[in-house]
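Work through the exercises below with the sequence and the model open. Each task is followed by a solution in steps.

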Amino acid sequence: VSIASCPRFCGVLTDDGLGSLKGLHRLSLKYCSNVTDKGVVAVIQASPTLSHLDLQFCVGVSDETLFALRGNHILELNINRKHHQGGKYSYGPQCTDAGIVSLASKCTRLHTLHVQGYGPLDDHVRGMLTSVSFDALAKAPQLCTLHAQATHDCRHRSDCDAYLNLQAALRARREGTSQTT
């Protein structure tokens, strides 16, 4: 189900509207600004075979949704957000290291993760990912593709090093996968 393909509907969809969705394999709620963790978690619980979830720019989504993905069949997750001019605030999911660590350790089938827009553009931006997230993602057994903030935005050397180590681990994992197939 792609709500994003119907922009007028996406702007009015609420958690109550999500309540009737069950047994989904794919769900795109891109730009659904009125949807919160409550609605997304309800869909996750009613869709144990959900494999693709797109929550780009869903401002009401946070770590609570990532915690609900434990043990789920998620293969691809998109929690991209974008920063407005000057980096004063972000538009999209408000996820943190805690949510990413949970996701990495509990979603053992996760293959692709989109987390663009979580860079430290401003000290007040909530949800900046650090070496804690990158180290946890490096241990996610099936993760092969990570779309994340460029390393030139790193404030701390350890975050940049962890990001580069993660990308190297994912590259090796992809190369190992392509050699065995």
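**Exercise 1.** Is C95 buried or exposed?

Solution. This is a predicted model, in which local features need pLDDT of at least 70, side-chain atom pairs count only at pLDDT 80 or more, and totals for chains, interfaces and linings use all residues. Residues are numbered from 1 along each chain as its sequence is written, and side-chain values use heavy atoms, with hydrogens and water left out.

- Step 1. Buried means under 20% relative accessible area, exposed over 50%, and partly exposed in between, with a 1.4 Å probe and protein chains only.
- Step 2. C95 has 0% relative accessibility, so C95 counts as buried.
- Step 3. C107, at 1%, therefore counts as buried too.
- Step 4. A disulfide is taken as a pair of cysteine sulfur atoms within 2.5 Å; by this rule there are zero disulfides.

**Exercise 2.** Describe the overall make-up of the protein.

Solution. 

- Step 1. Helices (H or I, at least four residues) and strands (E, at least two) are DSSP runs, numbered from the N terminus. The protein has seven helices and seven strands.
- Step 2. Read from the N terminus, the order is α-α-β-α-β-α-β-β-β-α-β-α-β-α.
- Step 3. Of the 181 residues, 49% are buried.
- Step 4. Contact means heavy atoms within 4.5 Å. Taking contacts between residues at least 6 apart in sequence, 70% join residues at least 24 apart.

**Exercise 3.** Which residues touch the most other members of the largest nonpolar core?

Solution. 

- Step 1. A nonpolar core is a set of buried Ala, Val, Leu, Ile, Met, Phe, Trp, Tyr and Cys residues joined through side-chain atoms within 4.5 Å.
- Step 2. The largest such core has 42 residues, and L29, L53 and L77 touch the most other members.
- Step 3. At least two core residues come from each of α3, α5 (97-106), β6 (112-115), α6, β7 (145-148) and α7 (157-180). The largest share, four residues, is supplied by α7.
- Step 4. Beyond four places in sequence, L77 touches L53, L55, L66, L69, L103, L110, T112, L113 and H114.

**Exercise 4.** Where is V35 found, and what does V35 contact?

Solution. 

- Step 1. V35 sits in the loop between β1 and α3.
- Step 2. Its relative accessibility is 0%, so V35 counts as buried.
- Step 3. Outside four places in sequence, V35 is in contact with L13, D15, L18, L29, V40, G60 and V61.
- Step 4. V35 and V61 are 26 residues apart along the chain, with their C-alpha atoms separated by 7.4 Å.
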